[in-house]
Amino acid sequence: MKNILKITLQAFVLFCVISFLSLSYSMINSRLNSISPNLTIGFPFEMYYQFEVKGECDERTLLHGAHFINIIYNFIICFIIIAFINYKQQTKNNNQ
C-alpha cells in the first residue's frame, strides 16, 4: 500500500510538470510566432484549450474548454511510466 501511494504521488508530480511544460511551450510558441495567445495544456492529450477568435480578448471572443477524460488519460500514462521506472529500479536493486 505504501508503494502504491508513493507511485501515485510521483505520478501526480510528473503530471503537473508535464502540464506546466506544455503550457509554457504553448505560450512561448505563440509569442515567437507573433500570434494571439493560444493556450493548450496537456501532453499527449490536450486537456484544456483557450484561443481568441478576433484580435481583442474579452469574454465574447475568447473560446475555451476542458476535456476531463483527457486529464484521466494523461494521469494514467504518468502512473504507468512511474510504475515501470519503479519496477525497473526494484529489479535492478534485487539483482545486485
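**Figure 1. Confidence along the chain.** In this predicted model, the chain has an average pLDDT of 86, and 86% of the residues score at least 70. Confidence is highest in helix α2, at a mean of 93, and lowest in strand β3 (residues 62-66), at 72. Where pLDDT is low, the predicted coordinates should not be read in detail.

**Figure 2. Order of the elements.** The chain contains two helices and three strands. Read from the N terminus, their order is α-β-β-β-α. Among the contacts with a separation of 6 or more, 40% are between residues 24 or more positions apart.

**Figure 3. Helix α1 from end to end.** Helix α1 covers residues 2-32, which is 31 residues. Just after α1, Ser34 has a positive phi of about 55 degrees.

**Figure 4. The buried residues of α1.** Which residues of α1 are buried? They are Ile7, Ala11, Phe15, Ser19, Ser22, Ser26 and Ser30. What do the buried residues of α1 pack against? Their partners are strand β1 (39-41) and helix α2 (68-95).

**Figure 5. Burial and surface of the whole chain.** The chain has 96 residues, and 21% of them count as buried. Its accessible surface is about 7400 Å². Carbon and sulfur atoms make up 67% of that surface.

Note on methods:
Residues numbered from 1 in each chain as written. Predicted model: local features only at pLDDT ≥ 70, side-chain atom pairs only at ≥ 80, totals over all residues. Heavy atoms only, no water. Helix = DSSP H or I, 4+ residues; strand = E, 2+ residues; numbered from the N terminus. Buried < 20%, exposed > 50% of the residue type's maximum accessible area, 1.4 Å probe, protein only. Contact = heavy atoms within 4.5 Å. Areas by Shrake-Rupley, 256 points an atom, 1.4 Å probe, with all protein chains shown as cover. Expected span 1.5 Å × (residues − 1). pLDDT = per-residue confidence, 0-100.
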